[in-house]
Amino acid sequence: MASGRIVVYGGRGALGSACVTHFKNNNFWVANIDLNPNEKADVNITVPKDGTWLQQEEHVVNELGTALQGQKVNAVICVAGGWAGGNAAKDLSKQADLMWRQSVWSSTIAATLAAKYLSAGGLIALTGAKAALEATPGMIGYGLAKAAVHQLTQSLGSKDSGLPENSLAVAIMPITLDTEMNRKWMPKADFSTWTPLTFVAELFDKWLKGENRPASGSLVALVTKNNVTEAIVQ
């Protein structure tokens with residue numbers, strides 16, 4: 001008997017893979033939604049890369065519905081996203097479009113999944129960014145998209161959002177995650193200030209169990225200093 005059912009949107013990326021592994025190790029049924037499959041997941045739903053926003057949503061909603069066969073999920077965790085730099089002088093619309101597709105499309109589709117398939121009292125977690133609380137002149141498209149995720153989270157946590165009763169909508173706001181790619185591109189950085197992926201997966205698990213839950217609609221910064229991470233509600 002599974003401990004419960006979890007959907008990880010972006011379950012093939014670094015953080016998503018850590019979440020899939022964590023919940024599988026704790027005996028959850030896990031569905032991965034991504035451009036690529038994760039062999040550890042029980043179900044893989046492949047997002048049509050060239051599909052429109054609406055086409056992607058319809059595909060994912062229908063595929064998950066088929067996989068669940070009338071059952072509900074305990075959590076929808078969206079850790080899909082990416083990063084791009086750039087200011088107004090070069091490729092602003094191009095970079096903003098990419099960031100919108102990676103962060104906002106995935107987050108809104110995750111919200112639709114939660115409205116349809118999340119059990120009462122369940123968790124929907126999205127991924128914002130602490131940097132997007134302020135100006136991001138060197139990465140405008142990224143800041144735009146993450147700020148939109150923050151607004152979506154606050155709306156989902158409010159009355160009449162369409163989510164099931166007593167559900168928790170929350171966005172994590174990392175500063176820098178300790179991933180293989182980040183270490184590759186920033187080899188001289190201070191890794192003691194980077195947030196471990198296992199911390200994030202365990203945080204989702206705690207919230208799922210009702211431990212130290214913030215208010216619904218909260219934006220939670222992940223601040224790491226000297227290898228110690230705190231989850232700070234903004």
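Two residues are said to be in contact when they have heavy atoms within 4.5 Å. Leaving aside neighbours within four places in sequence, Cys19 is in contact with Val8, Ala201 and Phe204. This is a predicted model, in which local features need pLDDT of at least 70 and side-chain atom pairs count only at pLDDT 80 or more, while totals for chains, interfaces and linings use all residues. Residues are numbered from 1 along each chain as its sequence is written, and side-chain values use heavy atoms, with hydrogens and water left out.

## Cys19 and the cysteines

Cys19 lies in helix H1, residues 14–25; helices (H or I, at least four residues) and strands (E, at least two) are DSSP runs, numbered from the N terminus. With a relative accessibility of 0%, Cys19 counts as buried, a word that stands for under 20% relative accessible area, whereas exposed stands for over 50% and partly exposed for values in between (1.4 Å probe, protein chains only). Cys19 and Lys206 are 187 residues apart along the chain, and their C-alpha atoms are separated by 13 Å.

How many disulfides does the structure hold? There are zero disulfides in the structure, a disulfide being a pair of cysteine sulfur atoms within 2.5 Å. For Cys19 the closest cysteine sulfur is that of Cys78, and because the two sulfurs are 11 Å apart, they are too far from each other for a bond. Cys78 is likewise in no disulfide, its nearest cysteine sulfur being that of Cys19, and Cys78 is buried, with a relative accessible area of 1%.

## Helix H6

Helix H6 covers residues 197–208, twelve residues in all, and spans 17 Å from its first C-alpha to its last, close to the 16 Å expected at 1.5 Å a residue; the expected span is 1.5 Å times one less than the number of residues in the helix. Just after H6, Gly210 takes a positive phi of about 90°.

## Salt bridges

The whole structure contains five salt bridges, where a salt bridge is a side-chain nitrogen of Lys or Arg within 4 Å of a carboxyl oxygen of Asp or Glu. Side chains of opposite charge can pair when their charged atoms come close. Among the salt bridges are those in the table.

| Salt bridge | N to O distance |
|---|---|
| Asp97 and Arg101 | 3.0 Å |
| Lys159 and Asp160 | 3.9 Å |
| Lys209 and Asp205 | 3.7 Å |

Asp97 and Arg101 are four residues apart in helix H3 (residues 92–117), so about one helical turn separates them. Asp97 is partly exposed at 38% relative accessibility, and Arg101 is partly exposed at 38%. In the pair of Lys159 and Asp160, Lys159 is exposed at 75% and Asp160 is exposed at 72%. In the remaining pair of the table, Lys209 is exposed, with a relative accessible area of 55%, whereas Asp205 is buried, with 4%.

## Nonpolar cores

A nonpolar core is a set of buried Ala, Val, Leu, Ile, Met, Phe, Trp, Tyr and Cys residues joined through side-chain atoms within 4.5 Å. The largest one has 30 residues, of which Tyr9, Leu64 and Leu113 touch the most other members. Several elements supply at least two residues each to this core, including strand E1 (5–9), helix H2 (53–68), strand E5 (118–127) and helix H4 (140–156). Which element gives the most to this core? H3 does, with six residues. Not counting residues up to four places away in sequence, Leu113 touches Val7, Tyr9, Ile33, Val60, Val61, Leu64 and Leu118. A second, separate core holds 28 residues, including Phe28, Leu168, Val170 and Trp207.

## Aromatic pairs

The structure has four aromatic pairs, counted where rings of Phe, Tyr and Trp (its six-membered ring) have centres within 6.5 Å, with planes under 30 degrees apart called stacked, over 60 edge-to-face and the rest tilted. One of the pairs is formed by Trp53 and Trp105, which are stacked at 5.6 Å centre to centre with 10° between the planes. This pair links distant parts of the chain, Trp53 being in helix H2 and Trp105 in helix H3, 52 residues apart. Trp53 is partly exposed, with a relative accessible area of 33%, whereas Trp105 is buried at 9% relative accessibility.
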